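Q: Hi! Could you walk me through this one? I'd like to hop between a few topics.

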Amino acid sequence: MKKKDLTEKTPYNTYVVHGLTPGPIANPGLESIKAVMEPARTDYLYFVSRNDGSHQFSKTLAEHNRAVEIYQKRKGKTPEKTS
């Protein structure tokens, strides 16, 4: 999804059309249902999109905020090192 998609008037865009959609918005597949029933055991609490189809997972809020800075605010540009 891109920001421009949020303003496009379609029957399924609940950002611009009020009320229910004409059909289901989401229909999870079997693998998604299995993942919910038996989630992976990890220490990760946060994730952020890398905008390339992958995600950056983080264990702490500080790590997550840094990933947001890198992948969302700076769009993949490497941040300057801090001492």
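This is a predicted model: local features need pLDDT of at least 70, side-chain atom pairs count only at pLDDT 80 or more; totals for chains, interfaces and linings use all residues.

Q: Which residues of helix 2 are buried?
A: The buried residues of helix 2 are His64, Ala67, Val68 and Ile70.

Q: Let's zoom in on histidine 64. Is it buried or exposed?
A: Histidine 64 counts as buried because its relative accessible area is 14%, and the cut-off for buried is under 20%. Histidine 64 sits in helix 2, which spans residues 61–73.

Q: What does histidine 64 touch?
A: Leaving aside residues up to four places away in sequence, histidine 64 is in contact with Tyr46, Phe47, Val48 and Ser58.

Q: Switching to the whole chain: how do the elements run?
A: Starting at the N terminus, the order is α-β-β-α, made up of two helices and two strands.

Q: How much of the chain is buried?
A: Of its 83 residues, 12% count as buried.

Q: What about the accessible surface?
A: The chain has about 7700 Å² of accessible surface, and carbon and sulfur atoms hold 55% of that.

Q: Last one: what share of contacts joins residues 24 or more positions apart?
A: Such pairs make up 3% of the chain's contacts with a separation of 6 or more.

Conventions:
Residues are numbered from 1 along each chain as its sequence is written. Side-chain values use heavy atoms; hydrogens and water are left out. Helices (H or I, at least four residues) and strands (E, at least two) are DSSP runs, numbered from the N terminus. Buried means under 20% relative accessible area, exposed over 50%, partly exposed in between (1.4 Å probe, protein chains only). Contact means heavy atoms within 4.5 Å. Accessible areas come from the Shrake-Rupley method with a 1.4 Å probe; for residues, only the protein chains shown count as cover.
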